[in-house]
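Subject: Structure handover

Hello,

The structure we talked about is below. Please open it first and then read the notes that follow.

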Amino acid sequence: MLPGASEYLDAFWALSSDRQTGMNVGQIPWTAIEAYARRLGVEDPDEFETLVKMIRVCDNVLLAHVKQKSEKAGA
């Protein structure tokens with residue numbers, strides 16, 4: 001893991017419970033990321049955008065994995 005990446009991974013897992021579930025697993029809402037950043041005192045716009053991007057990268061990997069697993073189960 002890259003230095004400093006663990007804080008983003010921790011944020012990702014903390015925010016994962018905010019996603020919608022049902023027929024499909026949804027993306028972590030932007031509003032949840034924004035509330036998380038506010039709670040941590042993130043005020044720098046660049047720092048916030050980095051947080052959003054890192055959460056989205058992690059989220060996309062997880063969602064791709066869930067989709068692949070679902071497709072295999074349906075095959």
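Arg 19, Arg 56 and Asp 59 are linked in a network of salt bridges. A salt bridge here is a side-chain nitrogen of Lys or Arg within 4 Å of a carboxyl oxygen of Asp or Glu. As background, side chains of opposite charge can pair when their charged atoms come close.

Before the details, two notes on the source. This is a predicted model, in which local features need pLDDT of at least 70 and side-chain atom pairs count only at pLDDT 80 or more, while totals for chains, interfaces and linings use all residues. Residues are numbered from 1 along each chain as its sequence is written, and side-chain values use heavy atoms, with hydrogens and water left out.

The overall layout

The protein chain has 3 helices and 0 strands, in the order α-α-α along the sequence. Helices (H or I, at least four residues) and strands (E, at least two) are DSSP runs, numbered from the N terminus. Along the principal axes, the C-alpha atoms fill a box of roughly 45 × 25 × 15 Å. Of the 75 residues in the protein chain, 28% are buried; buried means under 20% relative accessible area, exposed means over 50%, and partly exposed is in between (1.4 Å probe, protein chains only). Take the contacts between residues at least 6 apart in sequence: 50% of them join residues at least 24 apart. Contact means heavy atoms within 4.5 Å.

The salt bridges

How many salt bridges does a search of the whole structure find? The search finds 3.

One of them joins the side chains of Arg 19 and Asp 59, at 2.7 Å from N to O. Arg 19 lies in the loop between helix 1 and helix 2 and Asp 59 lies in helix 3, so this pair ties together parts that are 40 residues apart in sequence. Asp 59 counts as buried because its relative accessibility is 0%, and Arg 19 is buried too.

Asp 59 also meets the side chain of Arg 56 in a salt bridge, with 3.9 Å from N to O. These two residues are 3 apart in helix 3, so about one helical turn separates them. Arg 56 is buried, with a relative accessible area of 17%.

A further salt bridge is formed by Arg 38 and Glu 34, whose closest N and O atoms are 2.6 Å apart. They are 4 residues apart in helix 2, which means a separation of about one helical turn. Arg 38 is exposed, with a relative accessible area of 55%, whereas Glu 34 is partly exposed at 24%.

The negative patch

Which residues gather in a patch of negative charge on the surface? They are Glu 7, Asp 10, Asp 44, Asp 46, Glu 47 and Glu 49. A patch of this kind is made of residues with over 30% relative accessible area and no salt bridge, with like charges joined within 9 Å. Asp and Glu count as negative, and Lys and Arg as positive; His and the chain ends are not counted. The place of a charge is taken as NZ of Lys, CZ of Arg, CG of Asp or CD of Glu.

Helix 1 (5-15) and helix 3 (45-74) each supply at least two residues of the patch, and helix 3 gives the most, with 3. Asp 44 lies in the loop between helix 2 (30-40) and helix 3. Asp 44 counts as partly exposed because its relative accessibility is 37%.

Regards

Conventions. Patches are made of residues with over 30% relative accessible area and no salt bridge: like charges are joined within 9 Å, nonpolar side chains (Val, Leu, Ile, Met, Phe, Trp, Tyr) within 5 Å. Accessible areas come from the Shrake-Rupley method with a 1.4 Å probe; for residues, only the protein chains shown count as cover.
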